[in-house]
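Walk me through this structure, starting with how the chains sit together and ending inside the fold. Keep it brisk.

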2 protein chains.
Amino acid sequence: MKNVKIPSIAITRLSLYARNLKLLDQKGVEVVSSVRLADICGINPAQIRKDLAYFGQFGVRGVGYYVKELLFEIGKILGLDKEWRLALVGVGNLGFALLRHAQFVNHGYTFVAAFDRKPKRVGIKIGDVEVAPLENMNRLVKERGVEIGVIAVMPGSAQKAADMLIRAGVCGILNFAPIQLQCLAHVFVENIDFSLKLDVLRYRLTPARSRRHRSHSKPPQLLA
Amino acid sequence: MKNVKIPSIAITRLSLYARNLKLLDQKGVEVVSSVRLADICGINPAQIRKDLAYFGQFGVRGVGYYVKELLFEIGKILGLDKEWRLALVGVGNLGFALLRHAQFVNHGYTFVAAFDRKPKRVGIKIGDVEVAPLENMNRLVKERGVEIGVIAVMPGSAQKAADMLIRAGVCGILNFAPIQLQCLAHVFVENIDFSLKLDVLRYRLTPARSRRHRSHSKPPQLLA
């Protein structure tokens, strides 16, 4: 691997390639061209070659990629050969839905703990996980080997949840609260923010003429 | 605005700037430097200037951005001055959580319809929205002026849900199912995929040495 920081977006695409290679493999497809794989993933072929180039040389010119081989290699890169242990903080409607969501289990993630500050939620069992009070986080995260924390609390409580997870030893956080978490440098945070994605749609659906955007020719002092 | 396609990621950041400018405005802050705004958003200052440059010239050199002004301008660009109407397809745990989620309402989105194929869910009222059968989608989407469809069904049903929404006249889709939707060119799709985000964390948390990645020096025929 080149000694560069790989952008998160490239990792996300790698994961998308792996998912689609798996489907091809299940259908008995042995070789796939970069054009075909790109088409399935909704990405352009040059991008696939560029993303893979971070990690080495894959595929055979004029032939394409051997599906099983490439899947295996991406699996190693992404650590797909290992089960990862998650802890949820915040068992409201969203947290409940996440605990029940098949997508996590199907992709090698298991919730091994869940926490909530509300006493009425403590003790409820959802699937195999019993909701525990926040006070038990430090102990349970260590005992159960939690590697990634999932934050689904209200925005005002998200930073506290992150701080508690990090103190307990968690270094990876998936954050559903629409705030920017302040974390130590060794902690990795990925945000899932529904309304930011909707804002992209809203922008694309807004006719350009109705934007009445600032003209390039206007002088900046108009801002004052 | 320059006559270029603005990347979705830039729009997402614009939306993030707007959110933080709003908080600054509420605190009574009148002017913010690009360095300070970048710090709050967790983004580098050059990126902010680059994103804004798509739309015109903002800010005053040596002073920074006038908070209210920039918020107003971004609001126009993103269409934040208008309420957007959403329809949900799939009222399982995730769909239920989305209907109840404050993030949508707080950011100018309102669910005006919800659909589910299961008869036992039809007729249930969640907030102001009553779950309707799929057969009513075409009529209700038109009657209620739905602009964006939110898909929270199982992966195997997501394409059908998208097709139905598009037939009813929806041109923007927020897709929570982990599949690549095939849509017409005039339809905009944004995906929210939990496990792809987790895969980024998994990658960052996997020690490089354990990746045993393919060396650049290995010849490609090893793939065969």
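The tour below goes from the pair of chains to the domains, then to a sheet and a helix.

This is a predicted model. Start with the two copies. Chain A superposes on chain B by a rotation of 180 degrees, with 0.0 Å of shift along its axis and an RMSD of 0.0 Å. The two copies are therefore related as by a two-fold rotation axis.

Now look at where they meet. On one side are 68 residues of chain A, in contact with 67 residues of chain B. Several elements of chain A give two or more residues to this side: α1 (8-26), α2 (34-41), α4 (67-78), α5 (93-99), α6 (102-106), β8 (172-175), β9 (188-191) and α9 (194-205). The largest share comes from α9(A), with 12 residues. By class, the side of chain A that touches chain B holds 34 nonpolar, 20 polar and 14 charged residues. Of the interface residues of chain A, 99% are also interface residues in chain B, so the copies meet through the same surface.

Next, the domains. In chain A, the domain assignment gives domain 1 (8-78) and domain 2 (84-195). Taken over C-alpha atoms, the centres of these two domains of chain A are 31 Å apart.

Move to chain B and its sheet. It is an open sheet of 7 strands with mixed pairing, in the order β5-β6-β4-β3-β7-β8-β9. Its edge strands are β5 (125-126) and β9 (188-191) of chain B, each of which pairs on one side only.

Take strand β3 (residues 84-89) of chain B. How many of its residues are buried? The count is 5 of the 6, so β3(B) is largely enclosed by the rest of the structure. One partner is β4(B), paired with β3(B) in the parallel sense over 6 bridges. Within that pairing, Ala87(B) has Ala113(B) in β4(B) as its bridge partner. Another partner is strand β7 (residues 148-151) of chain B, which pairs with β3(B) in the parallel sense over 4 bridges. Here Leu86(B) stands opposite Ile148(B).

Step across to strand β4 (residues 109-116) of chain B. It runs parallel to strand β6 (residues 129-133) of chain B, and 3 bridges join the two. One residue pair to find is Asp116(B) and its bridge partner Pro133(B) in β6(B).

Phe115(B) also lies in β4 of chain B. Is Phe115(B) buried or exposed? Phe115(B) counts as buried because it has 26 C-beta neighbours inside 10 Å. Leaving out residues up to four places away in sequence, Phe115(B) touches Ala87(B), Leu88(B), Val89(B), Val131(B), Ala132(B), Pro133(B), Leu134(B) and Met137(B). Consider Ala132(B): it is 17 residues from Phe115(B) in sequence, yet 4.8 Å away in space, C-alpha to C-alpha.

Finish with helix α3 (residues 45-53) of chain B. Its buried residues are Ile48(B), Asp51(B) and Leu52(B). Seen down the axis of α3(B), these fall within an arc of 95 degrees, so they line one face of the helix. An α-helix has 3.6 residues a turn, so residues three or four places apart point the same way. The buried residues of α3(B) pack against α1 (8-26) and α2 (34-41) of chain B. Turned away from the buried side of α3(B) is a face that carries the exposed residues Ala46(B) and Lys50(B).

Methods:
Residues are numbered from 1 along each chain as its sequence is written. Chains are lettered from A and ligands numbered from 1 in the order in which they are written. This is a predicted model: local features need pLDDT of at least 70, side-chain atom pairs count only at pLDDT 80 or more; totals for chains, interfaces and linings use all residues. A residue is buried if 20 or more other C-beta atoms lie within 10 Å of its own, exposed if 12 or fewer, and partly exposed in between; C-beta atoms are placed from the backbone. The arc is that of the directions from the helix axis to the C-beta atoms. Two residues are in contact if their C-beta atoms, placed from the backbone, lie within 7 Å. Copies are superposed by least squares on the C-alpha atoms of residues with pLDDT of at least 70 in both. Ala, Val, Leu, Ile, Met, Phe, Trp, Tyr, Cys and Pro count as nonpolar, Asp, Glu, Lys and Arg as charged, and the others, Gly among them, as polar. Domain bounds come from an automatic or database domain assignment. Two strands pair if DSSP finds at least two bridges between them.
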